[in-house]
Protein chains: 2
Amino acid sequence: MSVNEIDEQGLGPQARRSEATKRALLDAALADMEATGEASIRITKILQESGVTNGSLYHHFGSREGLVQAAIAERFLGSVTKGLAVFAHRVGEVGSTEQLFEVFRDELVRIGSPDVQTQRIHRMTALAAALPRADLLERIIADQGRYFDGAADSLARLQEHGFIRFDVDVRAFAAWFLGLSLSRLLSDIDPQLNPDNEWSEYTFRALVAILTPAPSAH
Amino acid sequence: MSVNEIDEQGLGPQARRSEATKRALLDAALADMEATGEASIRITKILQESGVTNGSLYHHFGSREGLVQAAIAERFLGSVTKGLAVFAHRVGEVGSTEQLFEVFRDELVRIGSPDVQTQRIHRMTALAAALPRADLLERIIADQGRYFDGAADSLARLQEHGFIRFDVDVRAFAAWFLGLSLSRLLSDIDPQLNPDNEWSEYTFRALVAILTPAPSAH
């Protein structure tokens with residue numbers, strides 16, 4: 001195998017084909033889950049859609065359940081990491097408490113966008129599907145933990161600069177905020193509520209109360 | 001049918017038997033869901049456990065899907081109403097902002113108890129199961145809406161007395177808080193977190209920030 005066949009992820013042609021097969025199976029499984037949940041995943045349909053053989057499916061995922069779990073884990077992680085990258089980038093540029101709250105204001109607007117509403121439904125569904133499956137739950141807890149760590153790293157820098165209260169456990173706060181952003185789903189689905197107004201306003205007041213440093217003594 | 005055969009719900013013997021049959025089917029379905037989710041519900045097992053005939057199951061619920069949906073709706077509503085009764089009773093006795101925050105402190109302790117942790121998992125699972133099912137979702141939105149209404153009624157009285165900020169939309173706040181209490185699940189499952197400390201503390205600071213009335217002008 002010549003060097004120019006190695007791609008940017010360090011994969012040769014065979015490994016690339018293997019990755020492409022896995023990707024095709026996962027995409028077909030995710031597309032099936034889209035409409036009516038995991039119960040609607042039909043192996044025959046997935047094989048048709050992905051153009052992959054039955055043997056290849058079992059080689060990569062072991063079983064239907066293996067494929068379902070991989071699709072659910074991917075769905076959970078995908079929505080989580082997308083949000084984190086945006087947030088971490090913005091937080092990296094913050095130079096005061098006021099600027100941090102501007103980032104949070106924008107984040108609350110982003111959380112209300114149709115794309116993120118769909119991701120929220122995916123996250124909620126993936127989490128619920130993982131709860132009765134010990135292996136999958138462990139994987140999702142690990143994925144989620146990496147998000148908490150990432151968000152905590154961004155916030156720790158602000159804490160060192162005194163832009164947020166020194167006694168806040170930034171990782172626990174990240175977990176609190178990630179949970180709260182997921183919980184907006186309850187307000188989204190109630191036609192009597194306008195989450196872009198009230199849910200966002202209460203969340204913003206909460207963030208200010210939790211993070212604002214005490215005024216300095218002088 | 002004589003009057004003394006009518007029970008406290010106004011049901012005669014036949015209606016009582018019918019209710020008992022429905023109850024037995026729902027309990028068997030809920031017990032099956034307990035272990036591994038709705039996919040594990042086996043109609044033959046449910047008929048054995050409940051001692052109900054197949055014809056009776058279809059009479060009451062129309063189909064396996066009908067029974068599954070009724071069990072999920074019951075599971076969602078059951079956990080929601082239990083919490084509301086406790087909360088509404090305590091809020092009814094509140095005579096100051098400080099007393100309200102004491103009630104919330106106790107509520108946060110209650111939310112951390114093993115019973116409520118289990119209910120939280122049930123609520124999350126029921127909600128996720130309802131998302132791809134239009135009829136069930138509508139029912140769950142209605143159930144949830146009644147909780148929001150009930151909690152809002154309790155809080156509206158406090159608002160009239162000036163114990164909470166006058167410009168808070170108490171129904172939207174109830175939705176925000178119910179969502180937040182559900183979101184604790186994310187902190188519960190991460191072994192690196194202690195939600196009884198940080199999650200509760202951040203939530204308490206949030207409640208104080210959102211509800212505390214402005215100091216009076218004189």
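Predicted model: local features only at pLDDT ≥ 70, side-chain atom pairs only at ≥ 80, totals over all residues.
Residues are numbered from 1 along each chain as its sequence is written, chains are lettered from A and ligands numbered from 1 in the order in which they are written, and side-chain values rest on heavy atoms, with hydrogens and water left out.

Chain A contains nine helices and zero strands, where helices (H or I, at least four residues) and strands (E, at least two) are DSSP runs numbered from the N terminus. The C-alpha trace of chain A spans about 70 × 50 × 30 Å along its principal axes.

Within chain A, helix α5 (residues 97–111) and helix α9 (residues 198–211) have axes that come within 10 Å and cross at roughly 150 degrees; axes are lines fitted to C-alpha atoms, for helices over the stretch in contact, and angles run from 0 to 180 degrees between N-to-C directions. The two helices α5(A) and α9(A) are therefore roughly antiparallel to each other, a term for angles over 145 degrees, with those under 35 counted as roughly parallel, 65 to 115 as roughly perpendicular and the rest as oblique. Residues in contact (heavy atoms within 4.5 Å) include A:Leu100, A:Phe104 and A:Leu108 of α5(A), together with A:Trp199, A:Phe204 and A:Leu207 of α9(A). By class, this contact of α5(A) with α9(A) comprises 10 nonpolar, two polar and two charged residues, with Ala, Val, Leu, Ile, Met, Phe, Trp, Tyr, Cys and Pro counted as nonpolar, Asp, Glu, Lys and Arg as charged, and the others, Gly among them, as polar.

Between the chains, 45 residues of chain A are in contact with 45 residues of chain B. The area buried between chain A and chain B is about 3800 Å², of which carbon and sulfur atoms give 70%; buried area is the accessible area (1.4 Å probe) that two parts lose on being put together, summed over both. Of the area that chain A buries against chain B, 19% is supplied by A:Trp176, A:Leu186 and A:Tyr202, more than by any other three residues.

Part of the contact between the chains involves helix α8 (residues 170–188) of chain A and helix α9 (residues 198–211) of chain B, whose axes come within 9 Å and cross at roughly 65 degrees. Here A:Ala172, A:Phe173 and A:Trp176 in α8(A) meet residues of α9(B), among them B:Trp199, B:Tyr202 and B:Ala206.

Over all chains, 26 salt bridges are found in the whole structure, a salt bridge being a side-chain nitrogen of Lys or Arg within 4 Å of a carboxyl oxygen of Asp or Glu. Two salt bridges are counted between chain A and chain B. The side chain of A:Arg171 meets that of B:Asp190 in a salt bridge (3.2 Å, N to O), and A:Arg171 also forms a salt bridge with A:Asp149 (2.7 Å, N to O). The latter pair links distant parts of the chain, with A:Arg171 in helix α8 and A:Asp149 in helix α7 (residues 134–160) of chain A, 22 residues apart.
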